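Hi,

Here is the structure I promised to pass on. Have a look at it first, and then read my notes below.

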Amino acid sequence: MDFLTNLGNGFSIALNPWNLIFAALGAVIGTAIGVLPGLGPPATVALLLPLTYKMDPTAAIIMLAGIFYGAMYGGSTTSILLNIPGEAASVVTCLDGYKMARQGRAGPALGISAMGSFIAGTISIFGLSLVAPTLASFALKFGPPEYFSLILLGLMMAVYLSEESIVKGLVMGGLGLLLGTVGIDPVLGATRFTFGLSRLTDGFDFVVVAMGLFGISEVLINLEAPEVRDIFKTALKRLLPTLEDWRRCWASVVRGSLLGFFIGVLPGGGAIISSFVSYAVEKRVSKHPEQFGKGAIEGVAAPESANNAASTSSFIPLLTLGIPGNATIAMIFVALMIHGIRPGPLLIQEHPNLFWGVVASMYIGNLMLLGLNLPLIGFWVRLLRVPYHFLAVVVVTICLIGAYSVKNSAFDVGMMVIFGVLGYFMRKGGFPPAPLILSMILGPILERSLQQSLISSGGEVSIFFEKPISAALLSVAAFLMLTPIFKRLWKRNALTNSP
């Protein structure tokens, strides 16, 4: 009964005219970002963070959340019509979506993508509203040792599940932890790594770092790449899938939704991994696996359902444990902190209107996105013809204005440019920026929990192993850390023993 009451209160907040406007704005921006190759949700949310400073916290999070899950909807359009993923989570959709378009079935491919995304999003939102309060109540039992172990596990999972090299992910995670220590020690009050610059006393501003790593570097990378947008011209007729299409893929939508929900909860899991896993599962269970990669509608329905479910469920660790699981959620974490709201177990108790308002807005946003994706496909196709260099000018301008507006400081603009160039070379070398961002946010919390634990135990490290929850979490983290080593040793032994 409490669930229905709270959800009803959430809808009364979400249906506020201003909140509806920001939900629609987030959905539109998110869909456009998903459609346009070269600018993903992390960069977009980073660019818009300065605009949320003066907004109502609930409206701000509703808009930023809409951008995130809206981009998952829009990414399928470019995958199906251009064979170019507008969003990284839609890479797998290219395999069968573009083949369907070549066969004259672009309409059903886009239709099942939008409707599967709607179903998956709705299932995931329902799961979020059920699971989050229970998990938050359990997390209230956590003390500093449990939080230290949980955050350490979260960082290890983010690196382990990274789409890049685990070693490179560890390097970026370590760099993020180092950047997070710049400034004043949270317990002792000592100044660290400022090199005499008073501007660094408060540490690196996360918004400035994020706009550089995701905004400026994204522009540099995309301007360097050749721009080829050969849109496959086909009549977009019969957008609604046939009964035969639904018979073939309704189970794929359900499986993709459930897989995406559970993978999205894991730190580092997210929409990208869930779409790949879902596609692999569908190919394995299919009676006709040979059709995958040749225009199987299940190959569109499953990954698109999975990435939308994962984008919603990734809010669970943020809102209940205070742990962002991917780069976009990290930006939303910062948006909450900017408004003086600390994500974690107490968020639902201390800010119930924000939590339930955001959850209810996701139901509404899903309906808005269904309305956007089907009737406006022609508009999104025309938007794809805009040359990227025009978009690049807009992005750089927003970055410069946003970085300056943080503290009205030219120093921050310079730092953003430096991190933008750093991000460019990182990406060229295959070093993922997401672990750096997550470590930079979670590093100070990790350090504070470590210091508080050691102070309470008189410096005894055994406190982390005496607490059952902490010991279990550390065991999983150790397993993730040692798994790559064991795999390498296993391969070496296999090569040595082979005839």
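Which residue forms a salt bridge with R192, and how far apart are the closest N and O atoms? The partner is E447, and the closest N and O atoms of the pair are 2.5 Å apart. Before I go on, bear in mind that this is a predicted model.

R192 sits in strand β2 (residues 191-192) and E447 in helix α20 (residues 433-456), so this pair ties together parts that are 255 residues apart in sequence. In total, the count of salt bridges comes to 4. As background, side chains of opposite charge can pair when their charged atoms come close.

Helix α20 also turns up in a helix pair. Its axis and that of α9 (residues 206-224) come within 11 Å and cross at roughly 175 degrees. With angles over 145 degrees counting as roughly antiparallel, that makes α9 roughly antiparallel to α20. On the α9 side the contact is made by F206, V209, A210, L213 and F214, and on the α20 side by P433, L436, I437, M440 and I441. By class, this contact has 10 nonpolar residues, with no polar and no charged ones.

The other pair to look at is α1 (residues 2-14) with α16 (residues 352-373). Their axes come within 7 Å and cross at roughly 75 degrees, and α1 and α16 are therefore roughly perpendicular to each other. From α1, the contact uses F3, N6, L7, G10, F11, I13 and A14. From α16 come N353, W356, G357, V359, A360, S361, Y363 and I364. Here the contact divides into 10 nonpolar, 5 polar and no charged residues.

Last, the surface. I119, I123, W250, V254, L258 and F262 make a nonpolar patch of about 560 Å². Two helices, α6 (106-139) and α10 (243-265), each supply at least two residues of the patch. Helix α10 gives the most, with 4 residues, and W250 is found in that helix, α10.

That's what I have for now.

Cheers

Note on methods. Residues are numbered from 1 along each chain as its sequence is written. This is a predicted model: local features need pLDDT of at least 70, side-chain atom pairs count only at pLDDT 80 or more; totals for chains, interfaces and linings use all residues. Side-chain values use heavy atoms; hydrogens and water are left out. Axes are lines fitted to C-alpha atoms, for helices over the stretch in contact, and angles run from 0 to 180 degrees between N-to-C directions. Angles under 35 degrees count as roughly parallel, over 145 as roughly antiparallel, 65 to 115 as roughly perpendicular and the rest as oblique. Contact means heavy atoms within 4.5 Å. Ala, Val, Leu, Ile, Met, Phe, Trp, Tyr, Cys and Pro count as nonpolar, Asp, Glu, Lys and Arg as charged, and the others, Gly among them, as polar. Patches are made of residues with over 30% relative accessible area and no salt bridge: like charges are joined within 9 Å, nonpolar side chains (Val, Leu, Ile, Met, Phe, Trp, Tyr) within 5 Å. Accessible areas come from the Shrake-Rupley method with a 1.4 Å probe; for residues, only the protein chains shown count as cover. A salt bridge is a side-chain nitrogen of Lys or Arg within 4 Å of a carboxyl oxygen of Asp or Glu.
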